[in-house]
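Please examine the sequence and the structure shown below before reading on.

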Amino acid sequence: MAEMGKGVTAGKIASNMQKKLTRAQEKVLQKLGKADETKDEQFEQCVQNFNKQLTEGSKLQKDLRTYLSSVKAMHEASKRLTECLQEVYEPEWPGRDDANKIAENNELLWTDFHQKLVDQALLTMDTYLGQFPDIKSRIAKRGRKLVDYDSARHHYESLQTAKKKDEAKIAKAEEELVKAQKVFEEMNIDLQEELPSLWNSRVGFYVNTFQSIAGLEENFHKEMGKLNQNLNDVLVNLEKEHATSTYPVKAQPSDSTKANKTPSSPPDGTPITSPEIKVVNHEPEPSTLEAPGGGIPKSPSQSTEATPAEAEGAGKGGTAGAEAAAKPETDSGSASSSLPTVVVDSVPATVNGTDENTAVSERSDMPPGFLFKVQAMHDYAATDNDELQLKTGDVVLVTPFENPEEQDEGWLMGVKESDWLQHKAFDQCRGVFPENFTERVQ
């Protein structure tokens with residue numbers, strides 16, 4: 001019995017190997033043009049449609065699974081958010097029980113939505129695609145049987161056209177041809193009926209699937225909207241109950257906190273303090289610039305020493321005015337009459353040692369509202385579209401924020417000097433950057 005089993009198995013293996021060898025030879029002959037091949041263009045079109053339908057269905061299945069993963073992630077995020085609300089909602093506040101009930105209903109709604117998507121969309125999708133592997137296998141088998149049919153036909157034709165005919169071989173070849181043709185046609189007829197039907201079924205499947213998803217989303221968002229409205233009513237009531245204890249959120253922190261907080265630290269860890277911003281007074285000092293024909297007296301309480309501005313003004317041609325300003329007065333009542341009249345001819349007003357005209361000309365080529373210059377001491381990689389990308393050594397022209405309330409603590413607004421000189425496009429090139437990555441240079 002064992003030997004018989006082995007014999008049958010060996011014979012079956014040999015038969016299968018012979019079939020594979022015969023099919024391989026037939027395909028080679030067909031490719032070389034030495035044997036004709038049975039063609040069915042209508043069936044080939046059905047196969048192309050089948051492959052397209054399988055590809056589209058597989059992609060839809062993948063995207064649907066991604067969608068369900070996103071719903072699950074949103075469910076988890078919503079759950080954590082409501083749990084956070086429950087934690088911060090103090091027991092003595094009104095509406096606590098209502099808020100907890102809303103949180104429970106929110107959780108149930110998300111769970112129901114996800115489960116119905118699985119049942120009405122994903123499982124239907126899996127059932128739809130489950131029929132493709134079997135049909136694909138039958139299409140491949142039909143192709144092999146077609147090769148067997150062509151091979152049997154060519155063998156029968158070669159025996160008939162041979163010079164020396166062997167009727168027994170011809171009869172056997174004819175019998176094999178009829179058998180191969182019958183097997184092929186049975187499979188071919190079944191597929192010819194199933195493939196067009198499967199192709200047409202895709203429309204109804206897509207309609208049902210997306211209608212289910214759309215309907216589930218509509219109901220979910222409708223119920224979720226009601227819960228959100230109820231939660232809003234609870235919070236409005238809480239606000240009314242605690243109206244006298246509300247604290248407005250300020251857009252900017254106080255000056256005392258700015259010095260202790262910075263947006264980030266430089267990459268090398270070196271602590272950098274924010275540069276001190278000095279206000280430049282464009283008005284000339286009264287003691288360094290006097291109107292012709294009259295002097296400006298000082299009170300006895302004022303210092304009798306010349307200020308740096310006065311000394312500098314004296315060095316630029318205002319020696320008489322500086323001397324008069326530095327001279328002490330002993331009698332405040334007669335100071336006006338005792339002081340000599342100082343006439344200043346063409347003395348330019350100065351701002352920290354710089355001519356006012358020169359300062360104005362320098363700022364005329366700067367961006368609107370230019371304040372001062374800073375230089376990057378460290379590289380800074382921008383993390384948002386409204387931030388400047390800085391390299392060590394970059395010079396930035398600092399400008400004020402259009403809306404001061406938008407300025408965050410430790411951040412400045414400006415445009416890189418290279419961009420401004422090249423493009424003169426302020427709105428397109430400006431951005432924010434951390435102040436502690438820079439050092440003021442002017």
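The model is predicted, so local features need pLDDT of at least 70 and side-chain atom pairs count only at pLDDT 80 or more, while totals for chains, interfaces and linings use all residues. Residues are numbered from 1 along each chain as its sequence is written, and side-chain values use heavy atoms, with hydrogens and water left out.

The chain contains 12 helices and 7 strands (DSSP runs of H or I with at least four residues, and of E with at least two, numbered from the N terminus). Of its 442 residues, 29% are buried (under 20% relative accessible area; exposed is over 50% and partly exposed lies in between, with a 1.4 Å probe and protein chains only).

The chain has 13 salt bridges (a side-chain nitrogen of Lys or Arg within 4 Å of a carboxyl oxygen of Asp or Glu). Three of them are listed here.

| Pair | N to O distance |
|---|---|
| Aspartate 126 and arginine 65 | 3.4 Å |
| Arginine 153 and aspartate 150 | 3.0 Å |
| Aspartate 394 and lysine 416 | 3.9 Å |

Aspartate 394 lies in the loop between strand 3 and strand 4 and lysine 416 in strand 5, so this pair ties together parts 22 residues apart in sequence. Arginine 153 and aspartate 150 both belong to helix 4, 3 residues apart. Aspartate 150 is buried, at 1% relative accessible area.

Glutamate 387 is also in the loop between strand 3 and strand 4. Glutamate 387 is buried yet has no salt bridge, and the nearest side chain of opposite charge, lysine 416, is 12 Å away.

Note on methods:
Lys and Arg count as positive and Asp and Glu as negative; His and the chain ends are not counted.
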